[in-house]
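Please view the sequence and the model together.

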Amino acid sequence: MGIEAEIYDKKNNPILTDLKDDIICPICCAVLQEPMMLICCGGHLCLSCLKDVRKSNFKDCPLCRKTGYSATKSRFMQSFCSKIELICPVDGCNTAVPYFEFEEHKNRCLEISMRKMTLKNHADIFAQNETLTRELEESKNKIDKQRKQIASLEAKMRCNEDKRLLNEKVLKDQLLEMNQKLLASNGDYKDLKREYEDLKNVQ
Ligand SMILES: [Zn+2]
Ligand SMILES: [Zn+2]
Ligand SMILES: [Zn+2]
């Protein structure tokens, strides 16, 4: 498997444009890694791709179909590759990196972006926890307030009930008092009447 990255060609280098297709391995369609040259047809492929092809049952050259093919390390392609730059595919990087530094750079970049993601996740979880804690606190306060309101309403009701009982008692006492007064005035009236009758009889 070759290197999955775009070739950096900002200056539109004519040599690069000519050779761009040759830098791409025809087996894996990625940038050649450890480029090998086929003796039969001069085509290039990655060392690992050549090994994969050899493992398969086909005994012909994967490019020109010649039987009994052989390949050799391509010094030319290696030195050409050493002059190109590949674009780091990691999100937020996209830097042009020299061919031979690419793998190391990409791995480091991936590690950094993964660490960033983990940190971001941690921050997100922390923020979520904070929100939940705040919401819980708010609900608690609301419940407390409602509890206090209920208690004060209950106290008011109790107070009203006490007042009612007191009023009832006062009314009863008043009624009793009035009855007694009435009885008393009835008695007075009878005495007066009797006095009046007596006076009348005397005359
Ligand atoms: Zn060939
Ligand atoms: Zn390949
Ligand atoms: Zn990078």
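The model is predicted: local features need pLDDT of at least 70, side-chain atom pairs count only at pLDDT 80 or more, and totals for chains, interfaces and linings use all residues. Residues are numbered from 1 along each chain as its sequence is written, while chains are lettered from A and ligands numbered from 1 in the order in which they are written.

An automatic or database domain assignment gives domain 1 (6-87) and domain 2 (100-177). Their C-alpha centres lie 67 Å apart.

Helix α4 (residues 102-202) comprises 101 residues and spans 147 Å from first to last C-alpha, close to the expected 150 Å; the expected span is 1.5 Å times one less than the number of residues. Helices are DSSP runs of H or I with at least four residues, and strands are E runs of at least two, numbered from the N terminus. Helix α4 is hardly covered, with a buried count of 1 among its 101 residues. A residue is buried if 20 or more other C-beta atoms, placed from the backbone, lie within 10 Å of its own, exposed if 12 or fewer, and partly exposed in between. L110 lies in α4 and is partly exposed because 15 other C-beta atoms lie within 10 Å.

Three strands form an open antiparallel sheet in the order β1-β5-β6; strands pair if DSSP finds at least two bridges between them.

| Strand | Residues |
|---|---|
| β1 | 6-8 |
| β5 | 85-87 |
| β6 | 96-98 |

β1 and β6 stand at the edges with a single partner each, so one side of each has no neighbour in the sheet. β5 and β6 pair over 3 bridges, and I87 has A96 in β6 as its bridge partner.
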